[in-house]
Amino acid sequence: MKRTAAGDTLFILEDAARGAAVGRVLRRLPRMTGAPVRLQRARGLRDRRGELHAGTFVRERRIAFDCSRAEFPRIFVHELFHFVWLRKGNAARRSYEELVKSECLEGAAGELGWSAEWRKRALGRRDIDARTRRWREYCCESFCDSAAWLYSGIGRHEEFTLDARFRGRRRAWFAGMAGGSALSI
Ligand SMILES: [Zn+2]
């Protein structure tokens, strides 16, 4: 077990082989603050839908990974932003909801990760208007997938399917959110 090479105590690496990749991602991320999060390796993660790349346990402050080296940066950022979403106030979450609501109403196709995309495809107009659980889960996954697209350092991926003009709005929204103080995780 070792602390990140970045010299901070934000992450406790239980899988030293991920150290370099974690360091590279950290240099791309906005400043973050919070109690340490454990990064662990796991095997055979599943939920009722099938295999999972990672499991995040926010209260236990740990993330278990079951993914390839190539996918690790994208999955790491996605899981990390689940912590950010929970810590963000309602105002920021509602602001993100308004952003993706406007996209949906304009007929924006695609998303920035499969986790958000399958949820988006399952949405009906009532989910948006009534802010159903399905809608709120979509918003959360969309937020995490957008962060992964933006900060993982991966320029192209088959799961990045959102129309280009909407990507620019997501980028601008994140710049506004991350522009001030450090993000709490
Ligand atoms: Zn997620």
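A residue is called buried if 20 or more other C-beta atoms lie within 10 Å of its own, exposed if 12 or fewer, and partly exposed in between, with C-beta atoms placed from the backbone. This is a predicted model, in which local features need pLDDT of at least 70 and side-chain atom pairs count only at pLDDT 80 or more, while totals for chains, interfaces and linings use all residues. Residues are numbered from 1 along each chain as its sequence is written.

Select V58 to begin, in the loop between β7 (54-57) and β8 (62-65), where strands are DSSP runs of E with at least two residues, helices are runs of H or I with at least four, and both are numbered from the N terminus. V58 counts as partly exposed because it has 15 C-beta neighbours inside 10 Å. Apart from neighbours within four places in sequence, V58 is in contact (C-beta atoms, placed from the backbone, within 7 Å) with H82, F83 and L86. The C-alpha atoms of V58 and L86 are 8.8 Å apart, although 28 residues separate the two along the chain.

Next, select residues 133-151, helix α6, which has the highest mean pLDDT among the elements of the protein chain, 97; pLDDT is the predictor's confidence in each residue, from 0 to 100.

Finally, select residues 1-7, where the pLDDT is below 50 and the stretch has 18 contacts in the model beyond near neighbours in sequence. Where pLDDT is low, the predicted coordinates should not be read in detail.

Conventions. Contact = placed C-beta atoms within 7 Å.
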